[in-house]
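Please keep the sequence and the coordinates at hand while reading.

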Amino acid sequence: MLVLESAREAIHMRETNYWLETVREPARGMSGALPESADVAVVGAGFCGLAAARSLAKRGVKAVALEAETLGWGASCRNGGMVLTGLKLPVPTLMARYGRELVQKMYRASLESIDLVEQIVKEEGIECSFSRCGHLEVACKQAHFEAYAEQAARIRREFAHELRIVPKGELRSEIGSDIYFGGMVDETSAGVNPAQYVAGLAKAASRAGACLCDHARVTGVKTERVNGARKFRVETTRGTVTAREVLLASGAYTGSATPALRKKVIPIGSYIIATEVLPPDLARQLSPRNRMIYDSKHFLYYYRLTPDRRMLFGGRAAFFPESDATVRESAELLRQGMVGVYPELREVKVEFVWGGTLDFTFDVMPHSGTLDGMHFGVGFAGHGVAAATWMGTKLAGVICGDADSIPYSQIAFPGAPIGLRAGNTWALPLAGLYYRVLDWLT
Ligand SMILES: Cc1cc2nc3c(=O)[nH]c(=O)nc-3n(C[C@H](O)[C@H](O)[C@H](O)COP(=O)(O)OP(=O)(O)OC[C@H]3O[C@@H](n4cnc5c(N)ncnc54)[C@H](O)[C@@H]3O)c2cc1C
């Protein structure tokens, strides 16, 4: 019986990213020799690097994006496609750390970033199912639900932004599940097909004049002085590019070529399954308003319907990058999680499973600024669809001479506590354990 079951799974389930299957014409990098020089070399071609390259090119700057794999290969093509408002940490924590003024700028940036994605999608005519469907956070405990009212009041007071509380008795209008204690809706958030958005963004950057180079892994960056002026020699597996400025947009995949940034990034694996296409009635019952949904735990589940009505269900964060083995293990664990939320999906086939790596930092904040003279933007965690697009666009402005008004450039960027991550990751599972314990306790 067990053998039959696993054979059935194997026939139907593919260890493949569902979103990539929906891209009719993937954007490709330029072939042939790399340009010898550029004004700006961008390391990494995800949302951050591509948005920066597009914006730089539109301002007449010669930008070369260098991507180790294919365009959008990293987290940008693998995520849940939730274009989310808000900040990862609770507002009181942020206020205590950074003060009201800076946190107001951060929140404003989070709202602006959704508008920016929408504007780019419209301006560039990107077909990526962008939709302002709103997001729903659901409470796993009564105490979590009770905290929502306080959060919503604070967000209205501090940022003039409306969130709607949904008591348990009304939750069926938002989600076809009875396991939660209530919810909170933000109508400003949106959904997108991230791989189609990446492809459109890359094409827009190319059209504007940016040079996008795939399979060009940056192996090292050296500085040199030419006639008194600083230049960077960016060495890649396809040759060397000399540039006046460098922008590091390598996210969770930041590696040994840029050790100062690597030390500050925590790569966190996350996994997603997608079911077969659901009948329209069942899809409507599970998610009547087609929200982007996530729960209130630290190790949270996030889920949504895809534009072709599959249930896409993600979670199972792990304090190490994804691998073939962890992707395989995740399929059944996530399926059990999904059935826990939606028992109706017990017999539904899971057709896709994949994983990706999120870019966390030690203070769970996005950061920007310069390190070793190079610009960087990193730490978008589960908000990168909107936040990395916004950051790439803003950093392009800073490189062009705009005043740096990015709130994340104004906060300290902590590195790893001693021994936690100095090239090794031995203590990260302990951090994972800490958050699991928090989920039991709070
Ligand atoms: C499973 C999963 C689900 C997620 N869900 C959501 C969600 O629903 N909503 C949301 O807002 N966010 C979500 N995120 C987070 C979001 O996807 C990321 O924050 C965002 O994509 C980061 O974009 P980026 O451009 O900074 O980095 P990436 O997209 O990771 O791009 C970095 C690129 O740099 C390249 N690179 C690295 N080193 C080098 C080098 N030396 N030389 C050349 N290239 C290099 C990599 O190959 C990679 O393609 C999710 C992430 C994952 C993994």
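Which glycine takes a positive phi just after α5? In this predicted model, that residue is glycine 125, with a phi of about 60°.

**Helix α5**
- Helix α5 consists of 24 residues and reaches 34 Å from its first C-alpha to its last, which is close to the 34 Å expected at 1.5 Å a residue.

**Nonpolar cores**
- The largest nonpolar core holds 92 residues, and within this core Tyr197 and Leu212 are the residues that touch the most other members.
- Helix α5, spanning residues 100-123, contributes the largest share of this core, namely 11 residues.
- Another core, of 29 residues, lies apart from the largest one, and its members include Val185, Ile273, Ala283 and Leu334.
- If neighbours within four places in sequence are left aside, tyrosine 197 is in contact with Phe47, Val117, Ile120, Val121, Ile126, Cys128, Val192, Val385 and Thr389.

- The largest cavity is lined by 21 residues, of which Leu87, Pro366, His383, Ala387 and Tyr408 are the closest to its centre.
- Two elements, α5 and α11 (384-399), each give two or more residues to the lining of the largest cavity.
- By residue class, the lining of the largest cavity divides into 15 nonpolar, 5 polar and 1 charged.

Key:
Residues numbered from 1 in each chain as written. Predicted model: local features only at pLDDT ≥ 70, side-chain atom pairs only at ≥ 80, totals over all residues. Heavy atoms only, no water. Core = buried A, V, L, I, M, F, W, Y, C linked by side-chain atoms within 4.5 Å. Buried < 20%, exposed > 50% of the residue type's maximum accessible area, 1.4 Å probe, protein only. Helix = DSSP H or I, 4+ residues; strand = E, 2+ residues; numbered from the N terminus. Contact = heavy atoms within 4.5 Å. 1 Å grid on protein atoms, 1.4 Å probe; cavity = no way out; pocket = protein on both sides within 12 Å on 5 of 7 lines; lining within 4 Å. Nonpolar A, V, L, I, M, F, W, Y, C, P; charged D, E, K, R; others polar. Expected span 1.5 Å × (residues − 1).
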